[in-house]
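Visitor: Could you walk me through this one? I would like to look at some strand pairing and then at a pocket.

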Amino acid sequence: MNSLLLSLKTKNVGNLWLTTIHFAVFGVYHSSMRFVRVAGVVLALAALVATLPARVSGNGNGVSLRLHGSVEPVRSHPIVVPRLSGSGPGSGGPGTLVIVRLVKPGTRVKRGDLLIEFDRQAQIKTAHDRQAEYRDFVEQINKKRGEQITARAHGEAELKTAENAVKSAELEILKAEVVPPITAEQNRLTLDEARAKAIQLRRTFDLRRKADVADIRALEIQRDRAMNAWKHAEGNAEKMRVVAPIDGMVVLKSTWKSGTMGEVQEGEEVRSGLGILDVIDPSAMRVRSKVNQADVAALRVGAPARITLDSYPTRTFTGRLEQLSPIGAVSQMSNRVRSFLAVFSIDGSDPHLMPDLAAAIDIGGERDESAAAKATR
């Protein structure tokens with residue numbers, strides 16, 4: 001009876017896991033079965049080796065799991081191209097701004113330090129124009145009010161004359177018994193005419209006053225609009241200077257420009273809302289990693305971890321699993337494969353811990369207790 005024995009042995013040498021595969025064949029294989037059996041062995045070995053980088057068996061100390069992720073800051077503030085408010089040239093809309101000053105990447109900044117400055121000549125010109133419009137409307141309102149005061153005095157004089165005419169006509173009516181009937185009738189007609197004229201002047205006077213109020217209100221609305229546009233333009237000019245919101249380090253972002261990815265530079269035009277840089281706090285860093293659905297059951301929040309940077313393999317840091325997403329994200333390759341997000345904290349701080357550095361996270365398995373107590377600096 002032909003048989004095939006396959007065994008897998010692992011051992012830890014330093015920080016590396018070495019795996020050896022041993023297989024022995026007993027009996028004699030028929031020539032017609034040799035190719036089929038060898039192919040089956042090769043496929044089995046390929047499937048087994050494919051799982052070794054993520055999980056290997058420890059020496060009786062549990063399962064050792066290695067994950068890969070990238071370093072990121074715990075606290076950071078993104079800096080984007082300001083969105084301008086208001087209307088008119090140089091404000092609002094999908095316009096672009098020109099960078100005139102830009103801080104160098106890696107610079108340590110304090111809160112309030114200048115990070116980036118844009119050309120604000122258009123905003124300053126707009127502010128001056130809106131300010132001139134505001135002052136012009138103020139002068140128009142003052143002039144209109146002066147004219148209305150003069151017209152009101154004239155109208156009040158006419159109204160007073162009409163009221164006096166009514167009183168004079170009423171006095172003439174009292175002479176009806178001593179004057180001829182024709183004169184008495186003329187006096188009554190004169191009184192009716194004086195009263196009608198007085199009523200008409202009163203109505204006209206009231207309508208003019210309402211029209212004057214409406215005219216002033218229309219100018220006040222235009223004045224307020226000009227003032228708002230003026231304040232918006234001044235606010236846009238102030239937005240052209242962006243300062244650091246926190247103490248930290250400047251990290252420039254890569255953006256798509258001219259068909260390639262690259263960092264923005266002084267003199268370039270950028271659109272509103274574009275992310276240019278981040279101000280990070282390098283005193284607290286963490287590692288973000290994706291976990292395969294087959295390995296998520298081996299993780300628990302609070303589990304200790306050993307973190308190694310690919311760029312500095314001799315430096316080892318300790319940390320722990322802080323967050324593990326309860327819902328997995330669907331893989332782009334298959335709807336049946338999901339990955340979970342895991343966030344690991346890093347104990348202490350180190351100048352070598354920089355954003356976007358690739359890191360390896362080892363969880364479980366054989367660990368050096370002294371390395372877990374103190375990270376290698």
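Guide: Happy to! Keep in mind that this is a predicted model.

Visitor: What is the bridge partner of Pro304 in strand 17?

Guide: Pro304 belongs to strand 16, which spans residues 304-309. Strand 16 runs antiparallel to strand 17, with five bridges between them. A hairpin of six residues leads from strand 16 to strand 17. Within strand 17, the partner of Pro304 is Arg320.

Visitor: Now the largest pocket: how much space lies in it?

Guide: Here the value is a volume for the space inside the largest pocket. That space comes to about 240 Å³.

Visitor: And which element gives the most to the lining of the largest pocket?

Guide: The lining has 14 residues, and the closest to the pocket centre are Pro73, Val251, Asp278, Pro355 and Asp356. Strand 4 (63-73), strand 10 (248-252) and strand 14 (275-280) each give two or more residues. With four residues, the element that gives the most is strand 4.

Visitor: How many charged residues does the lining of the largest pocket have?

Guide: Sorted by class, the lining includes six nonpolar and three polar residues. Asp counts as charged, and Asp278 and Asp356 are among the lining residues. The number of charged residues in the lining is five.

Terms used
Residues are numbered from 1 along each chain as its sequence is written. This is a predicted model: local features need pLDDT of at least 70, side-chain atom pairs count only at pLDDT 80 or more; totals for chains, interfaces and linings use all residues. Side-chain values use heavy atoms; hydrogens and water are left out. Two strands pair if DSSP finds at least two bridges between them. On a 1 Å grid over the protein atoms alone, a cavity is a set of points where a 1.4 Å probe fits but cannot get out, and a pocket is an open set with protein on both sides within 12 Å along at least five of seven lines; lining residues have an atom within 4 Å of a point. Grid points are joined across faces, edges and corners, and a volume is the space filled by probe spheres set on the points.
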